[in-house]
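Have a look at the model first.

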Amino acid sequence: MRMKVCPKCKSELPKKSFNQCARYADGLSWWCKGCNRKFSAEWYANNCNRQKSAAHSYRNANIEKVRESRAKYYQDHRDKIEAAKRAWYKKNPDFLNTYESGHRINLSDRYLKKLLRVFVPHGEIPPSLIEAKHLQLKTYRLIKEKMNEQHT
Ligand SMILES: [Zn+2]
């Protein structure tokens, strides 16, 4: 008999409609070529979307969280942050130049990239984001310094 029934689509098909597959007793794959193709395409589409959306929602959830806590922190400490920024820029007029060179400040790109990996799990981290992180940490450190000064 040169025909075989595909259990997936229930069609009786000529054996050439099945892939060669040594694993099975008849030397033919379980499903017909058409079903195999369809199933792989569906599986790929489903898994691809699932991975994408999982990563997507994870990122979004974190971005929201960070944005919220950052905004709240800023609201609660606005005067101090702004005053500290102004004072710091006054004291460090050449900040943007030293910043450009990177190495003169302890917050190296490598360190910042590691921190930013949480928000950018895959691919290149944009340089603008590294710069922003740098400025943020610098500001936080300065605020902490100022607060310590006030307490002593
Ligand atoms: Zn089939």
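Among contacts in the chain between residues at least 6 apart in sequence, what percentage join residues at least 24 apart? It's 34%, where a contact means that two C-beta atoms, placed from the backbone, lie within 7 Å. Keep in mind that this is a predicted model: local features need pLDDT of at least 70, side-chain atom pairs count only at pLDDT 80 or more, and totals for chains, interfaces and linings use all residues. Residue numbers start from 1 along each chain as its sequence is written.

**Overall layout**
- You'll find five helices and two strands here, taken as DSSP runs numbered from the N terminus (helices are H or I, at least four residues; strands are E, at least two).
- Going along the sequence, the order is β-β-α-α-α-α-α.

**Where α4 meets α5**
- The axes of α4 (residues 109-116) and α5 (residues 127-151) come within 10 Å and cross at roughly 100°.
- On the α4 side the contact uses D109, L112, K113, L115 and L116, and α5 brings L129, I130, K133 and H134.

**The loop at K10**
- K10 sits in the loop between β1 (3-5) and β2 (12-14).
- Its phi is near 60°, a positive value in a residue other than glycine.
- K10 is exposed, with 7 other C-beta atoms within 10 Å.

Conventions:
Axes fitted to C-alpha atoms, helices over the stretch in contact; angles between N-to-C directions. Buried ≥ 20, exposed ≤ 12 C-beta atoms within 10 Å, placed from the backbone.
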